[in-house]
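Please read these notes with the sequence and the 3D view open side by side. They are written for someone new to reading structures.

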Amino acid sequence: MIVKTLELDFFRNYIHAAADFSPGVNVICGENAQGKTNLLEGVAYLSSARSHRARYDRELIRFGVDYAFLKGEVSARGREFTLEAKLHRGERRQLLSNGVKLKSAAELSQVLNTILFCPEDLSLIRAGAAERRRFLDDGICQLRPRYAGALAEYRRLYEQKTRILRDWEEKPSLLDTLDDFNLRMAQVGAVLIHYRAHFIKRLSALAPPIQSNFSGGREKLELRYETVSTVSDPEAPAKILLEELMEHQQSHRRAELEARQCLSGPHKDDLAVEIDGQSARQFASQGQTRTAALSLKLACRELFREDTGEWPVLLLDDVLSELDQRRQSFVLERITGGQVFITCCEDDKKLARDGKRFQVRGGTLTE
């Protein structure tokens, strides 16, 4: 998968930017707060219609302007695509592929896949379970459209059930619908658990060797899926998962009514990460945390290639700044193959040995 060209209009701090990229390594140089990360964010947006730094699309539009436009010429899956995103304040965004309006953001990921690593990804190890669920969801959604649909439905059901639990004492009739919501949440939840379990199983085979290479063979990385306690085997058929989820819901029914919160379901799942048998979240050093997060992302990259037959576009934002020389060398050796965008504060020519260098200054992009 190759992003051949990119155009940005009024996106973040860019008034207008256009570039032709190398199919190999593209080094984006510049001082802090000049727009390097914004460029990577634009590439990633064309694969998912989501930003890792913004909750709402309006945050991506340049201050004082009412719209933003992104356009990328992409070579993927043996075809050529023109992907476009039109963002407007107060209006729904428009996503297009070869001039055809897309019905959902999930259709973008059926064209272009990206893997982004950025400084905020330290929270993938350090923060709570929500960050790791987001990592799982982002990866699986790009590969499995059915999962993306199930996740969207589960989120809607969760919000509706939360309102029922919050208001049932004032409106007792709401409880008449609770069993229906529980059943549908269990059905959709079984789909989520099934996909997550198999995704983590594959990551468990790919990520530990990467972490071991990072550490010179001194660190052993282990991954474990933590889901609803009544689920004995997350890889079991959906019918069995459904029964186990219903069992958990029933045992927590009274507690949910009293707490007025949804306490049962895969919305509380976690990906446990351990290094040498200890929780990485609690005991990993800064360097271990950074390389564990990067190992997960690089493993995800290899998993994408196994499924699609192509390398996803790899976006590395400030990845080398806090790694020692040996770990930097390992990263540079590992990213051979596929297209890579990597940001740095200095024009390090060795990074672009097989590609191009770009300079970003005040939202202006030059080669």
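1. Basis. This is a predicted model, in which local features need pLDDT of at least 70 and side-chain atom pairs count only at pLDDT 80 or more, while totals for chains, interfaces and linings use all residues. Residues are numbered from 1 along each chain as its sequence is written, and side-chain values use heavy atoms, with hydrogens and water left out.

2. Cysteines. A disulfide is a pair of cysteine sulfur atoms within 2.5 Å. By this rule there are zero disulfides. Take Cys118: the closest cysteine sulfur, in Cys300, is 14 Å away, which is too far for a bond. Cys262 has its closest cysteine sulfur in Cys141, at 19 Å, also too far for a bond. Buried means under 20% relative accessible area, exposed over 50%, and partly exposed in between (1.4 Å probe, protein chains only). Cys118 is buried at 2% relative accessibility, and Cys262 is buried at 5%.

3. Aromatic pairs. Rings of Phe, Tyr and Trp (its six-membered ring) pair if their centres lie within 6.5 Å; planes under 30 degrees apart count as stacked, over 60 as edge-to-face and the rest as tilted. The structure holds four aromatic pairs. One of them joins Phe10 and Tyr67, edge-to-face, with 5.3 Å centre to centre and 75° between the planes. Helices (H or I, at least four residues) and strands (E, at least two) are DSSP runs numbered from the N terminus. Phe10 is in the loop between β1 (2-9) and β2 (16-20), and Tyr67 is in strand β4 (residues 67-76), so the pair links parts of the chain 57 residues apart. Phe10 is partly exposed at 21% relative accessibility, and Tyr67 is partly exposed at 38%.

4. A second pair. Tyr147 and Tyr195 are also edge-to-face, at 5.9 Å centre to centre and 80° between the planes. Elsewhere, ring pairs link Phe21, Phe341 and Phe358 into a cluster.

5. Charges over rings. A charge sits over a ring if NZ of Lys or CZ of Arg is within 6 Å of the ring centre and within 35 degrees of the ring normal. Arg58 places its charged end over the ring of Tyr56, 4.3 Å from the centre.

6. Cavity. On a 1 Å grid over the protein atoms alone, a cavity is a set of points where a 1.4 Å probe fits but cannot get out, and a pocket is an open set with protein on both sides within 12 Å along at least five of seven lines; lining residues have an atom within 4 Å of a point. Grid points are joined across faces, edges and corners, and a volume is the space filled by probe spheres set on the points. There is one cavity of 30 Å³ or more, and the largest cavity has a volume of about 50 Å³. Its lining includes Tyr154, Met185, Leu245 and Pro266. Helix α6 gives the most to this lining, with three residues.

7. Lining classes. Ala, Val, Leu, Ile, Met, Phe, Trp, Tyr, Cys and Pro count as nonpolar, Asp, Glu, Lys and Arg as charged, and the others, Gly among them, as polar. The lining of the largest cavity has five nonpolar, four polar and no charged residues.

8. Pocket. The second largest pocket holds about 270 Å³ of space. Its lining has 15 residues, with Asn32, Ala33, Lys36, Thr37 and Asp317 nearest the centre. By class, the lining of this pocket has four nonpolar, six polar and five charged residues. The most comes from α1, with three residues.

9. Backbone. Ala49 is not a glycine, yet its phi is positive, near 60°. Ala49 lies in the loop between α1 and β4 and is buried at 4% relative accessibility. Asp276 likewise has a positive phi, about 55°. Asp276 is in the loop between β10 (270-275) and β11 (278-279) and is partly exposed at 45%.
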